[in-house]
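Dear colleague,

Please find below the sequence and the structure that I am handing over to you. My findings follow directly after them.

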Amino acid sequence: MDMHTRPPTISAQVWSGGQELELRDLPAPDLGPGEALAAIDLATICGSDIHTFSGRRPGPFPGILGHEAVGRIVATGDGGVRDFHGRELSVGDRVVWSVTVACGSCDRCAAGLTAKCRSLLKTGHEPLGGEWGLSGGYASHIHLPRGVTLVSVPDELSDRAAAPSACATATVMAVLEAAGPLKSRRVLISGAGMLGIVACAVARSRGAASIEVRDLNPERLELARRFGATKTTTAGGGDGGAAFDVAVELSGAQPAVASALAALDTGGRLVLAGSVSPGPAVAVDPERMVRSLLTVTGVHNYEPAHLQQAVDFLVETKDSCDWDALVEPPRPLADLASHMAPPQGHHLRKSVAAAHPA
Ligand SMILES: [Zn+2]
Ligand SMILES: [Zn+2]
């Protein structure tokens, strides 16, 4: 392994199942060809990590959670590693990494569905004793395997702005690609969490005619207005009118899915991305689907280009959108367990940072 510095001691919050985390020292991994080790500067706490920790989402344990983070390369294996644009990365380079790691050779990878690779690995979702033990962001360092997408992060983007790109921001890029062109479209965004707020900002930047956001939380709706919403509705459902060209459903609540479908005008397109756990079915009126030329599509995770688009978008909008304001200032990694709960008020993410040797 091409370790330019002494192998660091790695400290990680190991999730042992249930609502328990243990801060442990772990050995640095041997780096194979095309692999890297990154020191993590900051990791944000995504809602799905809180779901895993609270027992509402299954996950392998013991393991290291955390899939939204930003850090710096500290070592690379033979052959080095490259970012999305093919630029060779050096020790000290600042990067974010994708939530999915694909084989690149199965039928789904060949079809461009790397997020559904037949042998998919997921950041922050692998067992500690498996082939990728150091997979999570709640640690001083992460092992970046061959097949992970690395995107360079310019210094002008803060850690708090950059960290959510690997889950929330990149997923929104995939969702809005599936939604098609937004220019002059009437857009409905259902759910004003991190994805919904990012979706507002993207819809505004792409010239949407109007952006209505629906959520039950009035503080989040106020945030939505700051990020581009032109109308907000404090309800799961709307007024029942079919008035939207594009609807994106990010809450996963079954009534919200039904009302987003009902809200589509002729030629409308609904993208579902919030429904990531089992729930009741939603009725579909096939005649209306046909006569109104409706499209409904699902998006889960994203492809490598979406992570690059996410970072590019955050950089482009860093002066017009206060991305830092969405993320609470970092707490010590050692205190992670007490922060595995949804943030309050105008914050959409908590964050942790590990002090690590330079
Ligand atoms: Zn996430
Ligand atoms: Zn594959």
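In this predicted model, the buried residues of helix H7 pack against both strands and helices: strand E9 (186-190), strand E10 (210-214), strand E12 (244-249), strand E13 (264-272), helix H8 (286-291) and strand E14 (295-298). H7 itself spans residues 254-262, and its buried residues are Ala256, Val257, Ser259, Ala260 and Leu261.

Cys46 lies in the loop between strand E3 (36-45) and helix H1 (47-53), while Cys167 lies in the loop between helix H3 (159-162) and helix H4 (168-179), so the two cysteines tie together parts that are 121 residues apart in sequence. Both Cys46 and Cys167 are buried.

The third topic is helix packing. Two packed helices are described by the angle between their axes and the distance between the axes.

For H4 and helix H5 (residues 194-205), the angle is about 55° and the axes are 9 Å apart. The two helices are therefore oblique to each other, and their crossing is right-handed. On the H4 side, the contact is made by Ala168, Thr169, Thr171, Val172, Met173 and Leu176. H5 contributes Met194, Leu195, Val198, Ala199 and Val202 to this contact. By class, the residues of the contact of H4 with H5 comprise 9 nonpolar, 2 polar and no charged.

H5 also packs with helix H6 (residues 218-226), where the axes come within 9 Å and cross at roughly 25°. An angle under 35 degrees counts as roughly parallel, and H5 and H6 are therefore roughly parallel to each other. The crossing of H5 with H6 is right-handed. Here Ile197, Cys200 and Arg204 of H5 meet Arg220, Leu223, Ala224 and Arg226 of H6. The contact of H5 with H6 has 4 nonpolar residues, no polar residues and 3 charged residues.

- The contact of H4 with H5, including Val172 and Val198.
- The contact of H5 with H6, including Arg204 and Arg220.
- The buried residues of H7, among them Val257 and Leu261.

With kind regards

How values were computed
Residues are numbered from 1 along each chain as its sequence is written. Chains are lettered from A and ligands numbered from 1 in the order in which they are written. This is a predicted model: local features need pLDDT of at least 70, side-chain atom pairs count only at pLDDT 80 or more; totals for chains, interfaces and linings use all residues. Side-chain values use heavy atoms; hydrogens and water are left out. Helices (H or I, at least four residues) and strands (E, at least two) are DSSP runs, numbered from the N terminus. Buried means under 20% relative accessible area, exposed over 50%, partly exposed in between (1.4 Å probe, protein chains only). Axes are lines fitted to C-alpha atoms, for helices over the stretch in contact, and angles run from 0 to 180 degrees between N-to-C directions. Angles under 35 degrees count as roughly parallel, over 145 as roughly antiparallel, 65 to 115 as roughly perpendicular and the rest as oblique. A crossing is left-handed if the near helix is turned anticlockwise from the far one by less than a right angle, and right-handed if clockwise. Contact means heavy atoms within 4.5 Å. Ala, Val, Leu, Ile, Met, Phe, Trp, Tyr, Cys and Pro count as nonpolar, Asp, Glu, Lys and Arg as charged, and the others, Gly among them, as polar.
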